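This report goes through a protein chain by its helices, loops and aromatic rings. Please look at the sequence and the structure before reading on.

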Amino acid sequence: MKRTVLYLSLVLASGCSWIGLEDEPPPPPTLGDLKPVYLEGEAEPLTARTLAERELAYRQALAVAEQPAVRLEVRQRLADIALQTGEAGSDDYSAAIADYEALVAEYAQQEGGDQLLYQLARAYDLAGRGDEALVLMRRLSDEYPQSEHFAEAEFRKGEAAFSEGNYAAAQASYERVLVREEQTEYAVNALYMSGWTQFKRGRFNDAVNAFAGALDRLVRSDGRMENMPRGEREMADDCLRVLAMIFNEQGGSEAIARFEQDHQPRGYNHLLYASLSALYLEQERYRDSAETLHTYIAEHPESPQAHQYHLDAIAAWEQGGFPAEVIEQKRAYVAAYPVAGPYWRMVGPSQRDRIRPALQQYIEELARHHHALAQEENAEAPEVQYGEAARYYALYIDSFPRDERLPDLGFLLAETRFAAGDYRTAVSDYEWVAYRYPDHPQAAEAGYAAVLAHRELGSELDEDQLAWIDSELKFAHSFPEDSRAPPVLAHAAAQLLDQGLYQRAVLAAGDLIDWQPPLDNTLLTDAWLITADAEYALSRHAQAQVAYQEALTRLPADDERRSHTEEQLAASVYRQGEMAAAAGRHMQAAEHFAQVLVLAPTSQVRMNAQYDAASSYIKARDFDAANALLEDFRERYPEHELSATVGPLLVENYEANRDWARAAAELDRIAAASDDPDVVREAQYVAAGYYADAGDTEMAIERFRAYAHRWYEPVAIRMEAMNTLADIYADTDETEKRYYWLRAMAEAHDDAGDAQSERSLYLAAHSVSELADAYYDTYTAINLTVPLRENLRRKRAAMEPAVAAYERTAAYGLQPLGTRATYQLGTIYSDLSEALIQSERPADMDALALEQYELLLEEQAWPFEEKATEIHETNARRSWNGLYDVWVRRSFAALRELLPARYAKVELSGQLSEEIQ
């Protein structure tokens with residue numbers, strides 16, 4: 001019979017919290033705490049009714065059973081049912097006890113007698129007769145050493161002996177349990193209780209081995225206990241607690257170190273130190289508690305627990321009131337576990353999250369500690385303390401770059417370096433605070449402090465002078481509301497002028513000029529003079545003129561700077577014409593040159609000035625002003641060599657003004673006056689285009705048509721002329737004339753030989769494609785109605801030019817016209833096939849004739865469908881080479897209709913997609 005093994009819950013469920021050295025562990029559980037036994041094959045508890053029904057059935061079976069083995073089996077079942085009935089709520093176990101006692105009396109010495117003793121013991125225990133249950137368990141152990149319940153029975157004997165204070169007998173029972181170590185539910189409890197018996201007997205080394213054996217089975221190999229079941233966790237905690245007391249008796253942390261040396265490494269070894277430290281802390285032995293953890297850290301510096309034990313040690317020093325040790329250990333912690341250090345890189349994110357706040361706290365505390373020492377009255381070597389404070393402030397900033405308190409600490413870092421006389425580094429630190437955190441309350445103060453640090457540095461090096469200027473500019477621009485900003489900016493602008501950095505001087509002085517609210521006259525006058533001198537040095541005489549004029553309005557009449565300013569103003573005006581032209585300010589140059597015509601109309605330079613003024617107006621895109629000057633120039637100086645250039649210039653100007661009619665007329669004039677064929681040809685072609693742009697369609701057609709019939713070369717330009725004619729006829733809805741020029745373009749390209757180009761190919765291909773579409777429309781317009789033979793002949797006749805045109809389009813090899821033409825070819829054949837199938841049937845056919853007629857139509861249609869399939873497959877195969885445009889996709893769609901068995905499969909689509917890729 002299959003029976004479930006009784007399970008003993010963890011021993012001393014309430015005793016794991018035992019902490020007294022002299023107290024007894026809590027009493028052991030009774031057999032009533034054991035897991036109940038169920039009848040074979042029963043998956044769910046039985047109701048009272050079911051139990052009663054089964055009891056009746058078994059009693060009926062017992063009444064007729066004759067074989068002894070069967071009667072024994074039935075009687076056992078009845079005893080089991082009586083026990084279950086008590087457990088089901090009646091709490092009456094007398095019937096079960098009577099049944100089991102009778103069975104024990106008759107069969108205890110036979111095979112299976114241990115099971116009867118066990119069940120009777122359980123019934124006794126449930127009935128509150130624990131002593132009698134224990135007697136039976138002892139008997140089971142003595143008489144049935146091979147029983148599956150032997151380990152449990154021995155464990156019960158050990159518990160009883162332990163409760164009686166007979167630790168030697170208890171130890172013997174626990175050792176017999178451990179012989180059956182494969183029954184692990186008892187082995188851990190036996191080891192745990194064995195440890196207690198050895199502890200009670202003063203055999204500490206044996207107790208250590210027993211408790212360690214229990215921990216070996218309870219604790220994971222990595223020493224983690226967080227997710228242990230509650231009972232196991234409490235037992236493990238109790239083992240660690242007792243071990244701490246033993247190690248304390250044996251010499252403290254040195255005893256743990258000896259244990260580590262004598263045994264293989266265990267994942268929970270760190271817990272031994274923690275438990276001993278906790279014991280010392282409870283006893284207010286703060287130094288011993290901290291030093292125990294330091295011992296572990298020294299032996300295991302790379303342990304994942306090292307940083308936490310260091311924190312616990314610091315807490316112990318603090319709790320014990322050792323301020324000097326606290327400072328030193330915080331310093332040691334920061335040195336041992338820095339961000340990005342070896343330990344930091346070794347541990348995982350969760351541990352870093354625990355280290356980070358400690359580092360933040362300790363680093364700042366150490367920085368402020370040294371800062372305070374440096375500021376003490378009569379402090380010894382304050383520069384050393386400032387240096388230490390700076391080192392820790394910098395370490396915090398480097399370690400925690402996203403911390404919201406960085407600007408506060410950064411300002412303190414700069415202050416310590418300034419106080420220590422390290423002005424160069426202080427500048428960097430002040431500017432870091434000021435400009436990385438411009439909204440910080442001390443940002444402006446930090447920016448100004450950086451300027452002062454530059455001044456204190458007192459370096460004559462050019463790079464330091466430039467850095468000083470940059471710092472002043474940055475301060476003034478970043479904190480314009482600060483009253484110190486304008487004077488600082490004025491000093492920077494003057495320094496830039498002295499350094500020859502004219503452009504930067506202009507910008508700095510300009511900021512002063514634009515300052516809001518406006519500055520006083522003294523600062524503004526200085527700013528305009530700096531601007532004027534810098535602009536003149538940069539050869540920007542127009543800007544210099546304005547600045548000098550503005551400065552003169554502000555300078556008093558007796559100011560010694562007036563004469564120099566007036567001379568510079570005159571020089572700036574004199575140079576503006578030349579410099580404006582050279583600098584590309586064409587409108588200004590034109591106006592200056594035009595002034596010559598007004599101021600000196602009869603001068604020798606008038607002619608050049610007039611022509612240069614026109615040229616500058618052209619560059620300034622004032623074409624009306626330029627054209628007036630050019631037309632006057634051609635009339636005034638007809639024999640001058642520059643007059644020959646006036647015509648092309650006028651054409652360009654008319655083009656720019658989009659005055660296409662006047663541009664075309666000027667080109668006609670050029671063509672009429674020229675003996676050069678190329679000039680004539682080009683002028684005629686461009687003029688034709690301008691007539692078209694001007695909306696003079698009649699003149700445009702006449703010019704383009706004349707050009708196309710006269711000038712066969714260059715081929716490219718002739719084709720553009722024909723293409724324009726085709727477009728014009730498209731706009732005027734003159735379709736046949738458009739088709740004429742489309743055919744002409746294709747023929748011109750085909751006859752061009754080496755003069756063919758990508759553009760001519762494009763025009764030819766598109767022309768033939770459009771002609772093919774026209775043939776296709778004619779083809780599709782013919783319906784296959786009765787009489788079928790005549791209409792089919794007409795449709796076949798209309799099909800031929802469409803097929804030829806699409807084949808010609810494809811032959812040009814221009815994509816996507818090629819794939820489109822291929823698709824259209826396939827469509828023509830598939831349409832013809834479909835048209836045959838869907839054609840009108842003669843009305844006078846009987847059913848048999850109609851059936852034969854339709855078979856004949858299918859035979860006629862099939863070759864066209866095959867041809868369509870072949871053409872679409874040709875298009876589809878282009879996808880194998882990476883060509884997969886809309887027409888290839890449409891061919892695939894057509895193939896799915898034509899050959900669904902092959903092309904409508906998802907697998908094929910996936911395969912083709914992969915091939916395309």
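Helices (H or I, at least four residues) and strands (E, at least two) are DSSP runs, numbered from the N terminus. The model is predicted, so local features need pLDDT of at least 70 and side-chain atom pairs count only at pLDDT 80 or more, while totals for chains, interfaces and linings use all residues. Residues are numbered from 1 along each chain as its sequence is written, and side-chain values use heavy atoms, with hydrogens and water left out.

**Loops and backbone angles**

Most residues other than glycine have a negative phi, and most peptide bonds are trans. The peptide bond from E713 to P714 is cis, with omega near -5°, and P714 is placed in the loop between α34 (697–710) and α35 (715–731). The bond from Q516 to P517 is also cis, with omega near -5°; P517 belongs to the loop between α24 (502–513) and α25 (521–537).

Positive phi values come next. E284, in the loop between α12 and α13, has a phi near 60°, which is positive in a residue other than glycine. D733, in the loop between α35 and α36, likewise has a positive phi near 60°. D91, which follows α2, has a positive phi near 55°.

For accessibility, buried means under 20% relative accessible area, exposed means over 50%, and partly exposed is in between (1.4 Å probe, protein chains only).

| Residue | Relative accessible area | Class |
|---|---|---|
| E284 | 57% | exposed |
| D733 | 65% | exposed |
| D754 | 84% | exposed |

D754 sits in the loop between α36 (735–750) and α37 (758–780). Its C-alpha atom is separated by 95 Å from that of L272, and the two residues are 482 residues apart along the chain.

**Helices**

The expected span of a helix is 1.5 Å times one less than its number of residues. Helix α2 (residues 68–90) has 23 residues and should therefore span 33 Å; its end C-alpha atoms are 31 Å apart, which agrees.

D429 lies in helix α20 (residues 423–436) and is buried, with a relative accessible area of 10%. Contact means heavy atoms within 4.5 Å. Apart from its neighbours within four places in sequence, D429 is in contact with L413, A414 and R417.

**Aromatic rings**

Rings of Phe, Tyr and Trp (its six-membered ring) pair if their centres lie within 6.5 Å; planes under 30 degrees apart count as stacked, over 60 as edge-to-face and the rest as tilted. The structure holds 32 aromatic pairs. In one of them, the rings of Y273 and Y296 have centres 5.1 Å apart and planes at 55°, so this pair is tilted. Because Y273 lies in helix α12 (residues 269–282) and Y296 in helix α13 (residues 286–299), the pair ties together parts that are 23 residues apart in sequence. Y273 is buried at 0% relative accessible area, and Y296 is buried at 4%.

How are the planes of W317 and F322 placed? They are at 85°, with ring centres 5.2 Å apart, so the pair is edge-to-face. W317 is buried at 2%, whereas F322 is partly exposed at 26%. Ring pairs also link Y192, W196, F199, F204 and F211 into a cluster.

A charge sits over a ring if NZ of Lys or CZ of Arg is within 6 Å of the ring centre and within 35 degrees of the ring normal. R391 lies over the face of Y392, at 4.4 Å from the ring centre. K795 lies over the face of Y779, at 4.1 Å from the ring centre.
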